[in-house]
Every structure is written in C-alpha cells, then in structure tokens.
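Student: Could you walk me through the surface of this structure? I'm new to it, so please take it slowly.

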Amino acid sequence: MSAVTMSRALRRRWWWTLWSLLAVLATGITAYFVPPYLVGGTTVPGLDMSIPGYYVSLVFHAVPAGTALLVGPWQFVPRLRARFPRAHRRGSAAAGRALPQQ
C-alpha cells in the first residue's frame, strides 16, 4: 500500500473546514437549546415545575453548557493556543471540570 500525503495547504484547508463545521454546529445547538431555559422553560418538554429548585438547577446547567459549546471550538485553534496559553489552559481546566469524574 502506498501512503497518501497531503500538502500542507490542503491539510490546512481541511482543518479549517472541519473546525468551521464544528463551530457552526456548536453555535446552532446553543442557539436552539439554551434560550428556552432563559425565557421560562415553557417549551421544554417534561419540565416538572412542582419540584422546588428543579428549574433553577436546569438553568444553572444550561447556561454554562451553552457557554462551553460556544467557547469550546476556540480551544482547538493552534495560533490562539500558542499566543494565549493562559487562556487556553483556563478553558481546558474548565472543560475538565465539566467532564464526569470516574
């Protein structure tokens, strides 16, 4: 078998295409799913308003989740990681805290 090598320009174009797709999808998911929690949750299916604190806990989950979705794709941009390593580490640490612990 022969190894297929891509030129640097082609790799870069593919990388930015895939990153753009990721950023657009993350923005779309955030724009679609987070606002119902911010306007009272009337369109959220299965919302049980009789349990105290249930809705507040959903809002406290949805807003940071939406923020993480919007900020997340920027963690993959190499130039930003190189130029602003503190911001990258802070974002990575926040993402690590959001992941479930074993």
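Student: Which residues form the nonpolar patch on the surface?

Tutor: In this predicted model, Met6, Trp14, Leu18, Leu21, Leu25, Ile29, Tyr32, Phe33 and Leu69 form the nonpolar patch, and together they have about 930 Å² of accessible area. Patches are made of residues with over 30% relative accessible area and no salt bridge, with nonpolar side chains joined within 5 Å and like charges within 9 Å; a salt bridge is a side-chain nitrogen of Lys or Arg within 4 Å of a carboxyl oxygen of Asp or Glu.

Student: What gives the most to the nonpolar patch?

Tutor: Helix α1 does, with seven residues, and Leu18 is found in that helix. Helices here are DSSP runs (H or I) of at least four residues, numbered from the N terminus.

Student: OK, and charges: which residues form the positive patch?

Tutor: Arg8, Arg11, Arg12 and Arg79 form it, and its largest share, three residues, comes from helix α1, which covers residues 8-33.

Student: Is Arg8 buried or exposed?

Tutor: Arg8, which lies in helix α1, counts as exposed because its relative accessibility is 63%, where exposed means over 50%, buried under 20% and partly exposed in between, with a 1.4 Å probe and protein chains only.

Student: And Thr30, buried or exposed?

Tutor: Thr30 is also placed in helix α1, but it counts as buried because its relative accessibility is 9%.

Student: What does the side chain of Thr30 reach?

Tutor: It reaches the backbone oxygen of Ala26, at 2.9 Å.

Key
Residues numbered from 1 in each chain as written. Predicted model: local features only at pLDDT ≥ 70, side-chain atom pairs only at ≥ 80, totals over all residues. Heavy atoms only, no water. Areas by Shrake-Rupley, 256 points an atom, 1.4 Å probe, with all protein chains shown as cover. Lys, Arg positive; Asp, Glu negative; His and termini not counted. Charge placed at Lys NZ, Arg CZ, Asp CG, Glu CD. Helix = DSSP H or I, 4+ residues; strand = E, 2+ residues; numbered from the N terminus. Polar contact = N/O pair within 3.5 Å; in protein donor to acceptor, adjacent residues only side chain to side chain.
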